[in-house]
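Please consider the following model with attention to its charged side chains and its ligand.

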Amino acid sequence: MDLYDVMRTTFAAREFTDDDVPDDAVYRVLDNARFAPSGGNRQGWKVVVVRNAATKQKLGELCWPAMRIAVAQLQAGEVYWQTIEPTSVDTETAAVDESLPITLPILEHMEQVPVVLVVAVDLRLVASMDKNLDRVGVVSGASIYPLAWNILLGFRNEGYGGALTTLLASQEPEVQKLLGLEDYEAVAAMLVVGRPVKQLSKLSRKPVEEFAFVERADGDPFTA
Ligand SMILES: Cc1cc2nc3c(=O)[nH]c(=O)nc-3n(C[C@H](O)[C@H](O)[C@H](O)COP(=O)(O)O)c2cc1C
């Protein structure tokens, strides 16, 4: 596929056919995705390819507490999991509140997802340039999310689809135990992958003029 076509049509696929995603396709995708950049080219990434049904099911369950908190915050009219405004939600209670719906059905049937890739990064190898700032860190992710996104672009190019989720991160110690990761290996993403039931071709995104500005963030919108 043309690169721009891939970029414009790699949507978050959450419903899959029963088609398998064979190991040779997964390997090909990883073999191309590995050319992603990372700080100092240290490539501190690890990808766990999960096909075992019980493990997939458990990974789904580990997403539920974070999902319930998100749902409670949505119901309170908040942007879920943001760190700037204090939340009005009692998150400890919400995390275990079984009356709150799981809004992603795929998480309840994870064993049916053809393949799940858990993407982790070795924090011993990551330069977290924003670690002394008084806000949540974002820079560390720059050494792992280019790989994660390359993987999803690669699957699109192979005719598959997937979604990047970060819900697992809130249960990181449990995930580390389940998958044999070390405590310095951060759980960056869980990619659910399969053959999408439907291929979307028109994604809803802001135009360039709404997010790019000339010279200063309060400058004129950037145009061609
Ligand atoms: C950091 C991040 C976290 C995300 N978490 C989830 C998630 O938990 N569940 C999910 O279904 N999709 C998740 N997504 C996918 C987004 O919902 C999706 O990219 C966005 O809604 C755009 O959808 P589209 O590409 O299909 O237009 C996540 C994406 C990113 C980048």
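Lysine 46 has a relative accessible area of 38% and is therefore partly exposed, a class that lies between buried, under 20% relative accessible area, and exposed, over 50% (1.4 Å probe, protein chains only). The structure is a predicted model, in which local features need pLDDT of at least 70 and side-chain atom pairs count only at pLDDT 80 or more, while totals for chains, interfaces and linings use all residues. Residues are numbered from 1 along each chain as its sequence is written, and side-chain values use heavy atoms, with hydrogens and water left out.

The side chain of lysine 46 meets that of glutamate 185 in a salt bridge (2.8 Å, N to O); the term denotes a side-chain nitrogen of Lys or Arg within 4 Å of a carboxyl oxygen of Asp or Glu. This pair links distant parts of the chain, with glutamate 185 in strand E4 and lysine 46 in strand E1 (residues 45-50), 139 residues apart. Helices (H or I, at least four residues) and strands (E, at least two) are DSSP runs, numbered from the N terminus. Glutamate 185 is buried, its relative accessible area being 6%. Salt bridges with shared partners also join Asp20, Asp23 and Arg51 into one network.

A search of the whole structure finds eleven salt bridges. One of them joins the side chains of aspartate 19 and arginine 195 (3.1 Å, N to O). Aspartate 19 lies in the loop between helix H1 (3-9) and helix H2 (23-33) and arginine 195 in the segment after strand E4 (185-194), so the pair ties together parts 176 residues apart in sequence. Aspartate 19 is partly exposed at 36% relative accessibility, and arginine 195 is partly exposed with a relative accessible area of 27%.

Glutamate 158 and arginine 28 form a further salt bridge through their side chains (2.8 Å, N to O). It links distant parts of the chain: glutamate 158 is in the loop between helix H5 (145-157) and strand E3 (161-165), arginine 28 is in helix H2, and the two are 130 residues apart. Glutamate 158 is partly exposed at 26% relative accessibility, as is arginine 28 at 36%.

What is the setting of glutamate 172? This residue, found in helix H6 (residues 172-179), is buried yet has no salt bridge, and the nearest side chain of opposite charge, lysine 177, is 12 Å away. A polar atom of the glutamate 172 side chain does, however, lie 2.7 Å from the backbone nitrogen of valine 187.

The ligand is surrounded by Phe11, Ala12, Arg14, Leu104, Leu164, Thr165, Thr166, Leu167 and Arg205, where a residue is near a molecule if one of its heavy atoms lies within 4 Å of it. This shell divides into five nonpolar, two polar and two charged residues. A polar side-chain atom of arginine 14 lies 2.3 Å from an oxygen atom of the ligand. An N or O atom in the side chain of arginine 205 is 2.7 Å from a ligand oxygen atom, and a polar backbone atom of alanine 12 is 2.9 Å from an oxygen atom of the ligand. The protein covers 59% of the 630 Å² of accessible area that the ligand has on its own, as computed by the Shrake-Rupley method with a 1.4 Å probe.

Notes
Polar contact = N/O pair within 3.5 Å; in protein donor to acceptor, adjacent residues only side chain to side chain. Nonpolar A, V, L, I, M, F, W, Y, C, P; charged D, E, K, R; others polar. Lys, Arg positive; Asp, Glu negative; His and termini not counted.
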